[in-house]
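Visitor: I have a model to look at. Could you walk me through it?

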Amino acid sequence: MGDGTSGVESTVDPVTSGQPVWNEDRAACWLANAEARERQLQPVSDALFERASLQPGERVLDVGVGSGPTTGQAWEAVRPDGSVTGIDIAAPMINAARQRIAAPEIEWIVGDAATYDFPPKTYDAVISRFGVMFFADPAAAFRNLCEATRPGGRLIVTVWSSLYATGVFGIPYTVATTTLHRLGAKYQGFPTDGVLFSLGRPETIRDVLSAAGWADIETAVDNRTLYLAPDPAAAAKMTTAAGPVQALLEGQPETVRAEVEVALTADYTHRQNESGIGLPAGFIVVAARRP
């Protein structure tokens with residue numbers, strides 16, 4: 001269930017509140033865009049693995065694997081004597097990851113990392129790319145992960161910053177709300193404290209991880225660029241189809257939606273260069289250690 005998606009290229013799941021429900025249809029929609037999503041999120045993976053510094057022989061747990069790219073990358077880092085376990089709450093995700101990642105040595109688990117009965121004091125590193133923001137009880141979930149980690153082992157995860165600190169969400173959201181104001185359209189704003197941004201503040205991260213038993217907690221905001229679809233109109237359409245902008249436009253007439261698409265297309269056209277349409281990511285790299 002990882003890779004919290006964005007209205008910017010189906011990168012972000014349209015979660016507004018509560019816990020996501022991963023049924024067959026939703027997973028199929030997610031996996032249909034997996035290749036494009038992985039290209040867009042590779043810079044986030046780069047940041048995650050730079051900080052994790054996985055070594056050959058280490059035992060790694062990957063939480064919320066989605067279609068499996070970070071699990072495969074972790075295996076490449078710890079092989080041949082290490083081990084990697086990937087867990088995701090959605091069975092279709094695990095099935096797809098197992099098929100896409102040709103590494104029979106990887107252990108794949110369908111389960112909820114918040115409550116799963118992992119062998120205690122096992123892993124040298126717990127990693128996750130956008131797979132830990134959706135826990136119903138974050139402190140209890142991170143405590144479960146802490147207990148699965150050996151003393152001295154480490155936690156390295158990425159989470160989205162708050163809505164307006166996350167350029168890949170905040171910029172198109174601001175374009176959309178500005179357009180709605182111009183049109184005089186009534187709307188319900190996207191909850192800035194919803195689950196997608198539940199760990200979006202360093203102080204929240206420190207409080208949660210400290211309560212869960214982690215130490216030496218470090219957070220670093222990363223604004224490296226993520227690129228959208230190369231065509232501004234296509235990127236605008238995808239932005240309105242998922243994430244905060246999709247939630248914002250829920251129930252709006254087609255004329256209003258069309259105006260928002262026009263405004264997004266114009267904004268993206270101004271941002272386009274030879275590399276594509278780039279927006280600052282605005283995620284947080286979190287690192288901690290089990291005492």
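Guide: Start with a definition: the expected span of a helix is 1.5 Å times one less than its number of residues. Keep in mind that this is a predicted model.

Visitor: How far apart are the end C-alpha atoms of helix α10?
Guide: Helix α10 covers residues 254-271, which makes 18 residues. At 1.5 Å a residue, α10 should span 26 Å. The model agrees: the end C-alpha atoms of α10 are apart by 26 Å.

Visitor: Within what arc do the buried residues of α10 fall?
Guide: Buried means under 20% relative accessible area. In α10, that holds for Val 256, Val 260, Leu 264, Asp 267 and Tyr 268. Seen down the axis of α10, these buried residues line one face of the helix, because they fall within an arc of 105 degrees.

Visitor: Which residues are exposed on the other side of α10?
Guide: Exposed means over 50% relative accessible area. On that other side of α10, the exposed residues are Glu 254, Thr 255, Val 262 and His 270.

Visitor: What do the buried residues of α10 pack against?
Guide: Two of the partners are strands, β8 (272-273) and β9 (276-280). The others are helices, α6 (167-183) and α8 (232-239).

Visitor: How many residues has the largest nonpolar core?
Guide: In soluble globular proteins, nonpolar side chains tend to be buried together. Here, Leu 145 and Trp 214 are among the residues with the most contacts inside the core. Leu 145 touches Trp 214, and also Leu 61, Val 63 and others. The largest nonpolar core has 84 residues.

Visitor: What share of the chain counts as buried?
Guide: The chain has 10 helices and 10 strands. Of its 291 residues, the share that counts as buried is 55%.

Definitions and conventions:
Residues are numbered from 1 along each chain as its sequence is written. This is a predicted model: local features need pLDDT of at least 70, side-chain atom pairs count only at pLDDT 80 or more; totals for chains, interfaces and linings use all residues. Side-chain values use heavy atoms; hydrogens and water are left out. Helices (H or I, at least four residues) and strands (E, at least two) are DSSP runs, numbered from the N terminus. Buried means under 20% relative accessible area, exposed over 50%, partly exposed in between (1.4 Å probe, protein chains only). The arc is that of the directions from the helix axis to the C-beta atoms. Contact means heavy atoms within 4.5 Å. A nonpolar core is a set of buried Ala, Val, Leu, Ile, Met, Phe, Trp, Tyr and Cys residues joined through side-chain atoms within 4.5 Å. Lists of a residue's contacts leave out its neighbours within four places in sequence.
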